[in-house]
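Q: Please take a close look at a single part of this model. Then place that part in the chain as a whole.

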Amino acid sequence: MRFAELAFPTAVRQTFTYQLPESLTLEPGVRAWVPLRGVHAIGLVVKVHDTKPSFKTQPIINVLDPNPIVSQEMLRLVEWISTFYFCSQGEVFQTALPSAVGIVAEERLIGVPEAKRPLSQEALSAAEKTLLEDVDSKGEEGWSLAGLKRKYRGRQEVKAIASLKKKGWVQVIQIPKTKVRSLEEVIQNGEYAESLSTGHSHQTVHPIHPLTPAQEQAFEPIQKALQKEHYQSFLLHGVTGSGKTEVYLHAIHQALESGKGAIVLVPEIALTPQTVARFERHFGPKLAVLHSRQTDKEKAAAWFSIQRGESKVVVGPRSAIFAPVEDLAIIVVDEEHDTSYKQYDPAPRYHARDVALMRASIEQAVCVLGSATPSITTWEGAQQGKHTLLSLTERPFGSMPKVSILPMQSYRSAMNGPLTVELYSAIEESLERQEQSIVLLNRRGSASYIQCSSCGHIPECPQCSVSMTYHKPKNMLLCHYSGHAHRVPTRCESCGSEQLEPKGMGTQQLEEELQILYPYAVIRRMDRDSTSKKDEHAAIYEAVKKGEADILLGTQMLAKGLDFPNVTVVGVLQAENELAFPSWRASERLYQLMSQVAGRAGRADRPGHVYVQTYLADHEAFKAAEKHDYMRFVTHERAVRHASTYPPFCRMVTFHVKGRQAATTIEKAQALGQALRQHAGESNVLGPAPALIERIQNRTHWQVSLKVDPQSKASQLYPFLDRIIQQVEGIKKQGWSSVRLNVDVDAVD
Ligand SMILES: [Zn+2]
Ligand SMILES: [Zn+2]
Ligand SMILES: [Zn+2]
């Protein structure tokens, strides 16, 4: 007898065993229909074996796919993700597969076949008869269970659902939420051609540019690795504007020439029409673009075209790492340091960069991680020989912009509204030259903080070395890692000054103030509020590009993926805001932001100038950014991380505890903290502490963080986490079972 292991879209971290009837042959990677808890459910077959389990098994009823929809390599990758990120395989499949081919199902009520029904309807109540008639009228498809309950809300028929089921007249089945369709069906409906023609407006394929000698030098080792067809990973460290994309394009071309495929990951926000157009120009109809704004239909069409091998190059955000590219030769992770590669909620809480490395190693492909400001973790990996380091240190066209760090303490009597006189005049002069300016107001989340206006100091937690958050109603400072809290001091702990002030100005207020300073300038604002509407981002972008705006104002969104050759002045206000965000990565993020901002200024033939207003001009991130000196920054930051044991010198696992009632949520978080301290040691556990936003969607949110050995393997960490969770979930107290525990492995904040 043969057996199959099936994964279901639930958080239960195990697969389920079913019998394989003699009449069925199947390979792992197909979807199957099986009985599960009284309904017929859809699962994905992840393994076929002949080890008879000790418990009684039920048979598979039907197989939904003639051929595997998931490759054997992808099955291995999914299994690794579920172990490494402590989640179920079903949760990974939910993320990896578009809904049209997915395993998410809908429950429907259908009539039991005539032959199996009870002999007479006499014993049925009026409500039961009405319901049965209604269900039967729908034939094989039946009624959706949810729809039926809505239709008869508050009436006897709702209760009749259960009683009719019990009496053997109706049954509940699961069918795929989106109808399972063959590719042929999709093509017949014309959806396939339609999506391709709208997606690819450029018919002519442009040849790629020849590489400069410096780019050639970076490309050569990648080229050699591609020829060997063995796994190898590279860190391509190139300053902004040095032509990393040219190197990617050449590498992808080589992959295509040998008949193989490529995946390019870009941060979601960088998926501007501009980026996409650049790839389209070179790869034309061979390119598939994936992004989160696509409809299910568009996503499915792209997925099928990739699976059929018609699209061989895929560009997309983090979930594109699951694209069904066959014969994968290369994965590029552009801006590898970007936070959008980490999925926070729901599970799987994976990091697309690390999944990319694992997928490349499973498929014997090449992985290129590119960045102007590599994450400290990736940099450390290159130092240890995990990745081969390649560098592009110069811009082939134009020069690096000048960066001026302006210490706010020295400008007290030289301010024009929110701007130092220097920045004010620079913008005015750029207006006179009919050039454009960007003003970036750095804001991160809703964290508010206290800062000393004399020395710029932001109070830090003595235990965790992260900034403390200001809680106005209680006039308290609180650490969101350890929970350490105290009243706001009356004097600065660094310089003794009494000028401790809450900080944080909004973009709207700034827009008004700038309009007063430059009454004739056209100002456009780009932030979360102004771009929540679809396409608003693109509209503002186009306006600035066409020169219809003089000043573009916004949050750190502006720093990514935008390219305006006519922008010659960039001002950054409240630059150290990044440091006030309570995270061990705060300095790294500040440096990345500074570097990206500098990359926005003067990319064409005109020199750019970046003005950074800050109270913390002596901070290492500013010092390094002023000289475009990544090495200086990474050397300093590495030492800081080492001293306080943060990644890459440990791995962070954050447990999120969420519940409706504050008291039980906190109790459970405390029990978790205790269990962790008991098994992992006092010094490796931070918290429990309230999350940055303690109350969200009517739930209380606390967290506990665990530091684990950076060398620890998933095969060691998984059973440890499992034991902790079981111990805490095993405590039976009133209200505890409704408090949820989520585990975030390799948490980035
Ligand atoms: Zn001070
Ligand atoms: Zn702390
Ligand atoms: Zn304290």
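A: Contact means heavy atoms within 4.5 Å. By that cut-off, residues 24 or more positions apart supply 75% of the protein chain's contacts with a separation of 6 or more. The model is predicted: local features need pLDDT of at least 70, side-chain atom pairs pLDDT 80 or more, while totals for chains, interfaces and linings use all residues. Residues are numbered from 1 along each chain as written, chains are lettered from A and ligands numbered from 1 in written order, and side-chain values use heavy atoms, without hydrogens or water.

The part to look at is the site of the zinc ion (ligand 2). C461 (SG), C464 (SG), C479 (SG) and S482 (OG) coordinate the zinc ion (ligand 2). Their distances run from 2.2 to 2.3 Å. Donors here are N, O and S atoms within 2.8 Å of the metal (3.2 Å for Na, K and Ca). Along the sequence, the donor residues of the zinc ion (ligand 2) follow the spacing C-x2-C-x14-C-x2-S. The site is tetrahedral, with angles of 100 to 115° among its four donor atoms (all angles between 85 and 135 degrees). C461 and C464 are both buried (under 20% relative accessible area, 1.4 Å probe, protein chains only).

Now the whole chain. Of its 749 residues, 55% are buried. The C-alpha atoms of the protein chain fill a box of roughly 95 × 65 × 50 Å along the principal axes. The accessible surface of the protein chain comes to about 33,500 Å², by the Shrake-Rupley method with a 1.4 Å probe. Carbon and sulfur atoms hold 50% of that surface.

Technical notes. Four donors count as tetrahedral if all angles lie between 85 and 135 degrees; four count as square planar and six as octahedral if opposite donors are over 155 degrees apart and all others between 65 and 115; anything else is irregular. Buried means under 20% relative accessible area, exposed over 50%, partly exposed in between (1.4 Å probe, protein chains only).
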